[in-house]
Amino acid sequence: MNNRLTIAIQKKGRLFDQSTDLIKKSGINFSTKGDNLLAKSNNLPIDILFVRSDDIPSLVSNGDADLAIVGENVLIEKSLFKRTYIEKIIDLGFSKCRLSFAAPKNNKIKSFNNMKIATSYPNTVKKYLKDNNINASVTNIHGSVELTPYIGMSDIICDLVSSGATLEANNLKEIEVILQSQAVLIKNKNLNNEKEKIADKVISRMQGVVNAIESKYVMLNVDASKVKDICKLLPGSESPTIIPLEDSKKVAIHALCQEPIFWETMEKLKAKGASSILVMPVEKILN
Ligand code: PRT
């Protein structure tokens with residue numbers, strides 16, 4: 001039996017660069033040549049499969065891929081109204097977007113009842129309509145959703161939005177968000193023991209990379225009498241290290257902060273008497 005773990009990622013598109021980056025930062029070495037659909041890792045029993053996002057949920061549910069990175073919007077759309085064998089494991093924090101209803105700017109929408117809605121996410125939209133007792137018709141269209149109100153195909157659309165520039169360019173206004181999405185790591189629920197062990201290693205490493213993204217290592221000096229005040233200001237730090245300094249009234253505080261450090265936080269630290277405040281990036285964390 002082949003016990004190499006298969007990780008499916010998007011072949012090309014918005015998720016590709018950050019998915020390959022995450023895999024490489026997790027210590028899985030592989031190289032791709034041209035249009036190859038499969039890459040074999042040379043340091044772990046892992047194969048990377050390059051596929052279309054749309055196909056990822058069914059590949060994982062059927063066990064043709066063991067782990068995968070996909071937009072949560074696609075996962076939800078493809079998993080609604082059917083039984084799947086997929087587990088969501090990690091919110092990866094990139095490719096954030098939202099699925100929203102939008103209408104031509106001059107259209108004053110009071111209710112979605114009896115509207116014609118065009119979308120590439122028919123299952124998600126139908127579920128939303130059902131949950132909210134709205135009676136409307138849904139047309140599935142794969143591209144150029146924004147054009148459909150102008151050719152009479154729809155009254156409103158439901159599409160992904162990130163900056164809002166596409167809606168703006170098409171003279172559409174966002175009316176209501178029905179789903180927030182980001183890239184997620186998913187896993188087949190029925191892996192054998194051998195694959196489960198490799199998957200655990202990959203998941204823990206990927207979690208370590210994701211944890212490190214917002215984390216910072218903070219170092220500063222302060223009067224020993226101010227340690228408590230300063231520690232209260234360090235966001236998401238469990239137990240800072242306190243180090244004596246040559247000047248016996250002072251100590252150095254070193255802390256791993258698992259939340260972002262903004263300028264405002266540094267300014268507050270300074271106001272409480274901290275000096276030489278250094279904020280450094282963290283590459284990986286293994287908890
Ligand atoms: O791989 P496959 O070809 O099957 O999928 P795809 O064509 O959907 O790929 P791609 O690369 O377009 O999108 C992959 C994933 O990126 C999506 O499933 C989302 O999870 C995520 N993502 C994040 C987005 C966006 N942001 C996004 N803005 N996907 C699409 N868009 C489109 C949106 O459809 C609209 O046309 O960008 C336009 C709106 O962007 P703004 O910035 O103008 O608002």
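The second largest pocket is lined by 13 residues, with Asp21, Leu22, Lys25, Val209 and Ile213 nearest its centre. A pocket here is an open set of points on a 1 Å grid over the protein atoms alone, where a 1.4 Å probe fits and protein lies on both sides within 12 Å along at least five of seven lines; lining residues have an atom within 4 Å of a point. This is a predicted model, where local features need pLDDT of at least 70 and side-chain atom pairs count only at pLDDT 80 or more, while totals for chains, interfaces and linings use all residues. Residues are numbered from 1 along each chain as its sequence is written, and side-chain values use heavy atoms, with hydrogens and water left out.

**Pockets**
- The second largest pocket has a volume of about 210 Å³, counted as the space filled by probe spheres set on grid points joined across faces, edges and corners.
- Helix H1 (16-25) and helix H6 (193-214) each give its lining at least two residues; helices are DSSP runs of H or I with at least four residues, strands are E runs of at least two, and both are numbered from the N terminus.
- The largest pocket holds about 1,100 Å³ of space, and of its 38 lining residues, Arg14, Asn73, Tyr121, Asp159 and Leu160 are closest to the centre.
- Domain 1 (5-94 + 182-212) and domain 2 (97-181) both contribute to the lining of the largest pocket, so it sits between them; the domain bounds come from an automatic or database domain assignment.
- H3 supplies the largest share of that lining, 4 residues.

**Helix H3**
- What makes H3 (residues 72-79) largely enclosed by the rest of the structure is that 6 of its 8 residues are buried, meaning under 20% relative accessible area with a 1.4 Å probe, protein chains only (over 50% is exposed, in between is partly exposed).
- Just after H3, phenylalanine 81 takes a positive phi of about 65°.

**Cores**
- The largest nonpolar core has 30 residues, and Ile178 is among those touching the most other members; such a core is a set of buried Ala, Val, Leu, Ile, Met, Phe, Trp, Tyr and Cys residues joined through side-chain atoms within 4.5 Å.
- Domains 1 and 2 both give residues to this core, so it lies between them.
- A second, separate core of 28 residues includes Ala39, Ala183, Val202 and Ile203.

**Threonine 124**
- Threonine 124 lies in helix H4 (residues 122-131) and counts as buried at 8% relative accessibility.
- Leaving aside neighbours within four places in sequence, threonine 124 is in contact (heavy atoms within 4.5 Å) with residues including Ile76, Glu77 and Ile178.
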